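Colleague: I've got a model open and I'd like to learn how to read helix packing and sheets in it. Could you walk me through it?

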Amino acid sequence: MAQTPSSQPEKPLDLLRVAEEVKSAALGYGADVVGIARAEAWEKYVPEGYRPYDLLPEARSVVVVGARGPTAGAWRSPNPRVMEVVGLDFANDRAIAALAGFIEREYRHYAIQAPGLSVAGHQPPFSYMLAAVLAGLGTRSFAANIVLNPRYGLLYYSACITTLDLPGDPQLEQDVCPHPMCVQTYKHLGRTPCIAACPADEGGCLDGTIDGNGRIDSVYYDRERCTSRAMNFGPVAFQKVLADLVSEEDPTARESKLHSDFSARAISGVSFYKESVAQCFECMRVCPIGRQERKLK
Amino acid sequence: MNPAKRSLDAAAWKDKLKTTAIGGGALVFGVADADSFEAAPEGYRPKEILPSARSVVVIGGAKPRAGDWRSPNYQHMELSSTNDRMTALCMRLAHTIEREAGYYAVVVPPGVDEGQRPFLSLSLAAELAGCGSASLAGPVLHPEHGFMYFAALVTTLPLSPDQPLTDPACPAPECIAMYEEQGRTPCIAVCPIGDGGCLGGSIEDGRWTGRQYDRGRCMARVYNYWGPAFQKVMAEVLQEPDKERRRMMIHSSLFTRTLWSMTYANISQGQCFECIRVCPVDEKTRHLKQEPEP
């Protein structure tokens, strides 16, 4: 009745070949990109408690996948609310869940889906962004520190921590951001397209400078301002609605707020529809990286 | 031609559904006779979900992986283990039955009906379909895979039913030996009802009997970031006289995690796995390699 796992391999694994098989499996499970980082690479960047082997003893490597969120068609929709409800379909999470099972089943090594959600405040036990950088999938950008992939630009990442001793991929040598076009824009206007779309000194969230070599010199990101604009129909918005309701003394106003359009959208967003939790894509909309992938017939 | 008009090869259909289920990630597959649910209360039997139902197809899987059990960070288990993968796979089987075989099929809703009662007990369905047996700890355990999440569908497709297990998975031989020596099993030892825990019971002739389970206590410990936690926090918020404190409670880490858990993120809905952590039934499936290849 039950499926029997693959028999334990008798001879030592060819880890280069295994790495290719793992990557191929990840792409087959729906990832758009996949990379591998060595577990010890975290030593340099994060404190104790947040490294791969703090989550899985004897962890040797971390497989990271990225998947596109909005479709090319969604980027073209003239109705911005379309992007608000179709931004993410969890393809990265599905791929990494399947991949963790694949590694345990096929290679008999431990594998876990790295926990990337916050458990207190805004602190996740494991940073997918750092994992993506260390696995050579992208580099941080001016746009809210989002890790941009050279081919696709914005991606959603997930990671699998494993005791499988896979060889790591090199980190990208070339920064993805700023794009050469953005360097030129900066030279002429003093701003990149993303900063121009959301300038911190004019009520926006972004600022930064580019050095003489065309690389990021400094970055400013107003996270609180961005969150209050980017997360308006997910759990965060639902909390706003509730906080407003429970502090409203006037029963008529309370009932009115409960039945408001915003409240109804917040409730539908967090319940059945699992709508996107990020509603402001404006810094990404003007980003030239990955734009080629959004051009279809 | 309506596919239902063709002659039905029930054995081939059972094989096809099983192959699809296993290929889709299920660890176990079984079929129960729709008329065999006498133990279920009236109103909660297969034919009360789907008139003329003949079979109940049960699948199980999506259990914590070997690696999950090894993580020293307990919050990892709170963020990773989910049952919705089995429900989605079950929906795929239901579509296959309707579209290709031409028979009705309804996925048993994974949630609960009035009074916290399931529409159809997945535990009972799993037992009747031979996918496992009831345990002292509570969950239905499969002899090889132990604890897992189940999903089921009710269909008018007549499939040959499997039989309940003749040898229950619980108590395992190790537990019988421990009980004979210490008077308790591993799960009872880790959560004894007489010492602030949830479980009790005894073993006679190699079978457990007189099971005690404090459901209220267990629920209060297991469901801390899901629907019940939402109710807890809201009840407290509505009792709080100070307006600013009410707002703070809504924005607390506990409530934030609760919202992510019950809504968008599909994160775990059960946070205490301790009785299953010490269960030896699928112990052998939790041991994999951790050393580099020689």
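This is a predicted model: local features need pLDDT of at least 70, side-chain atom pairs count only at pLDDT 80 or more; totals for chains, interfaces and linings use all residues.

Colleague: How do I describe two packed helices?

Modeller: You give the angle between their axes and the distance between the axes. The crossing of α1(B) and α5(B) is right-handed.

Colleague: Which residues in α1(B) and α5(B) meet?

Modeller: From α1(B), look at B:Trp13, B:Leu17, B:Thr20 and B:Ala21; they meet B:Leu89, B:Leu93, B:Thr96 and B:Ala101 of α5(B). Sorted by type, this contact has six nonpolar residues, two polar and no charged.

Colleague: On to the sheet. In what order do the four strands in chain A come?

Modeller: Reading across, it's β1-β2-β7-β3, an open sheet with antiparallel pairing. The edges are β1 (33-38) and β3 (111-113) of chain A, each pairing on one side only. On average, neighbouring strands are turned by 25 degrees against each other, ignoring direction.

Colleague: How many bridges join β2 to β7 in chain A?

Modeller: Seven, between residues 61-67 and residues 156-162, running antiparallel. Click on A:Val64, for instance: its bridge partner in β7(A) is A:Ala159.

Colleague: And which strands of chain A does helix α5 touch as it packs on the sheet?

Modeller: Helix α5 (residues 91-107) of chain A touches β2, β3 and β7, and its direction makes about 15 degrees with that of β7(A).

Technical notes:
Residues are numbered from 1 along each chain as its sequence is written. Chains are lettered from A and ligands numbered from 1 in the order in which they are written. A crossing is left-handed if the near helix is turned anticlockwise from the far one by less than a right angle, and right-handed if clockwise. Helices (H or I, at least four residues) and strands (E, at least two) are DSSP runs, numbered from the N terminus. Two residues are in contact if their C-beta atoms, placed from the backbone, lie within 7 Å. Ala, Val, Leu, Ile, Met, Phe, Trp, Tyr, Cys and Pro count as nonpolar, Asp, Glu, Lys and Arg as charged, and the others, Gly among them, as polar. Two strands pair if DSSP finds at least two bridges between them. Axes are lines fitted to C-alpha atoms, for helices over the stretch in contact, and angles run from 0 to 180 degrees between N-to-C directions.
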